[in-house]
Amino acid sequence: MAYRPGRHFLQIPGPTNVPDRVLRAIDQPTIDHRSREASDLALSCIAGMRMVFQTKGTVLIFPGSGSGAWEAALVNTLNPGDRVLASETGQFSFLWTKVARNLGLTVDYLSGDWRHGADAALIGAKLAEDHGHEIKAVMVVHNETSTGITSNVAAARRALDDARHPALLMVDTVSSLGSMEYCHDEWRVDVTIAASQKGLMLPPGLAFNAVSAKAIDAAKLSRLPKNYWRWDEMLSSNTTGFYPYTPATNLLFGLREALGMLEEEGLENVFRRHLRLAEATRRAVGTWGLELLAANPAEYSPAVTAVLLPDRYDEAALRALILDRFNMSLGAGLGKVAGRVFRIGHLGSFNDLMLAGTLAGVEMGLALMDVPHQTGGVTSAMAYLTEQARIETHVAVAR
C-alpha cells in the first residue's frame, strides 16, 4: 500500500484509540509473573478497577475478551437448564443470549425494535409472573454498541426489587465502563461484565467481572462446566496479586497507566466530556437532516451514535468511500440494521478537535456519495463545543 500521510481516524466504537502514554506503558520488557513486581502490578489494577466500577467488592481481571467475560458471568453462577431473562436491544444483547443458549441455559428473550433500551416495566412484569422463581438471572446490556442506546440499569434493579425476585442482575458494560456513569454497588448489580478496548483505552485482551457477595454465594452452588473462567481459583490467587495461570502482564502495565489517566482527569470530568462530545455529534446529525437510530432522547448513548441512512443508500459503501478518501474508519451496521446504519464512536481517548475532524470526514463523505443532506453539521457541532468551552472557561475563572 502507498504511504498515507497523517493519522488514521479510528472512529469505530471500539477498539478505540490507544493513548501514547498507554502504548509506552505496554512497551516494557516482559516480567516474571510470579515476582513481587507482578503481584504489586495486579493488586494496583484491581484497586483501580474498583474505582471505575464504583464498587468496594470483588473485581476479577482475565486475559480474554468481552465474550469471555459474558461466559464467566454465566458459568460461575448458574446451573444447567436454568432460565435467564434478557432484553433485545441490539446485536450484542443477541450475542450474549447466544452464549447462554450454547451453555445449555433457557433464555426468555424480550423482543425489541433495536431503537429502545431494555424495558424495565416489561422486565418487572415478567418477573412478577415467575411465582416459582425459575428465572435465575436478568441480563441487561448497559450500552448497546450496535444501536447507540443506553439502558437504565437502576430501573432494572427497581424492577427486580418491586417484584421481590431473587434473580441475579448481570450487566454488560463493555462499551460504557469508563465512558459514562456506572454504579455497580449503588445499583446492586451482581455481575458486571467489561473489556479493555473501549472506554479503558487499551488494546483488546483483558476481560473483567465485578462480582457481588450474592454472586459469589451463587458460584458455590453452580454446576455448569468451567475451568479457565473459574472464579474460585482466581479469587484465591488474586488475594496476593497472582493468577492461577499466566496473566497478560504487559496489558496490565497499560491498564495501570490508563487507570491513572482516568483518575487524573477525574471520573466525573470523563463522563461530562463524553456527554459533551455525544451531544455535539447529535447536533451535527440533526443539521444534516439524518435520523438517529435511538428513538428515545433519554437513552442516547454518550459513547456511540448510530445514524440511519436514507433508503437506497448503503452504509457499507459510504464507510468504504470515507475510508478510501479520508483514511477514517466508521462503525458498520450490525445484525438487523446492517446496510442501513453507520456508527460514529466518540469514546475513550477523544477530544473536541478529534470530533471536529471526524464529523468533517462524515460530512464530506455524505457529499461525495450524494446522500441527501443539509450542509453545516460540522459548524453546528463546533458552535456547541465552543459554547461549552466558553461556559467551562467562565466557571474555571469564577473559581
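Helices and strands are DSSP runs, numbered from the N terminus. By that numbering, Ser 176 sits in the loop between β8 (168-172) and β9 (191-195). The model is predicted.

Q: What makes Ser 176 count as buried?
A: Buried means under 20% relative accessible area. Ser 176 has 0% relative accessibility, so it counts as buried.

Q: Which residues is Ser 176 in contact with, leaving aside its neighbours within four places in sequence?
A: His 142 and Asn 143. Contact here means heavy atoms within 4.5 Å.

Q: Why is Ser 212 called buried?
A: The cut-off is under 20%. Ser 212 is at 14% relative accessibility, and therefore counts as buried. Ser 212 lies in the loop between β10 (206-211) and α7 (213-219).

Q: What does Ser 212 touch, not counting residues up to four places away in sequence?
A: His 184, Val 189 and Asp 190. The C-alpha atom of Ser 212 is also 9.1 Å from that of Thr 55, although 157 residues separate the two along the chain.

Q: Why is α2 called oblique to α9?
A: Helix α2 (residues 36-53) and helix α9 (residues 249-265) pack at about 40 degrees, their axes 9 Å apart. That angle makes α2 oblique to α9, because roughly parallel requires under 35 degrees and roughly perpendicular runs from 65 to 115. The crossing is left-handed.

Q: Which residues of α2 and α9 meet?
A: From α2, they include Leu 41, Cys 45, Met 49 and Val 52. From α9, Leu 252, Phe 253, Leu 259 and Leu 262 are among them. By class, the contact of α2 with α9 holds 10 nonpolar, 3 polar and 3 charged residues.

Q: What makes α5 roughly parallel to α6?
A: Helix α5 (residues 120-129) packs on helix α6 (residues 153-162) at about 20 degrees, with axes 8 Å apart. Angles under 35 degrees count as roughly parallel, so α5 is roughly parallel to α6. This pair has a right-handed crossing.

Q: How do the residues of the contact of α5 with α6 divide by class?
A: Ala 120, Ile 123, Gly 124 and Leu 127 in α5 meet Ala 155, Ala 156, Ala 159 and Leu 160 in α6. Of these, 7 are nonpolar, 1 is polar and none is charged. Gly counts as polar.

Technical notes. Residues are numbered from 1 along each chain as its sequence is written. This is a predicted model: local features need pLDDT of at least 70, side-chain atom pairs count only at pLDDT 80 or more; totals for chains, interfaces and linings use all residues. Side-chain values use heavy atoms; hydrogens and water are left out. Axes are lines fitted to C-alpha atoms, for helices over the stretch in contact, and angles run from 0 to 180 degrees between N-to-C directions. Helices (H or I, at least four residues) and strands (E, at least two) are DSSP runs, numbered from the N terminus. Angles under 35 degrees count as roughly parallel, over 145 as roughly antiparallel, 65 to 115 as roughly perpendicular and the rest as oblique. A crossing is left-handed if the near helix is turned anticlockwise from the far one by less than a right angle, and right-handed if clockwise. Buried means under 20% relative accessible area, exposed over 50%, partly exposed in between (1.4 Å probe, protein chains only).
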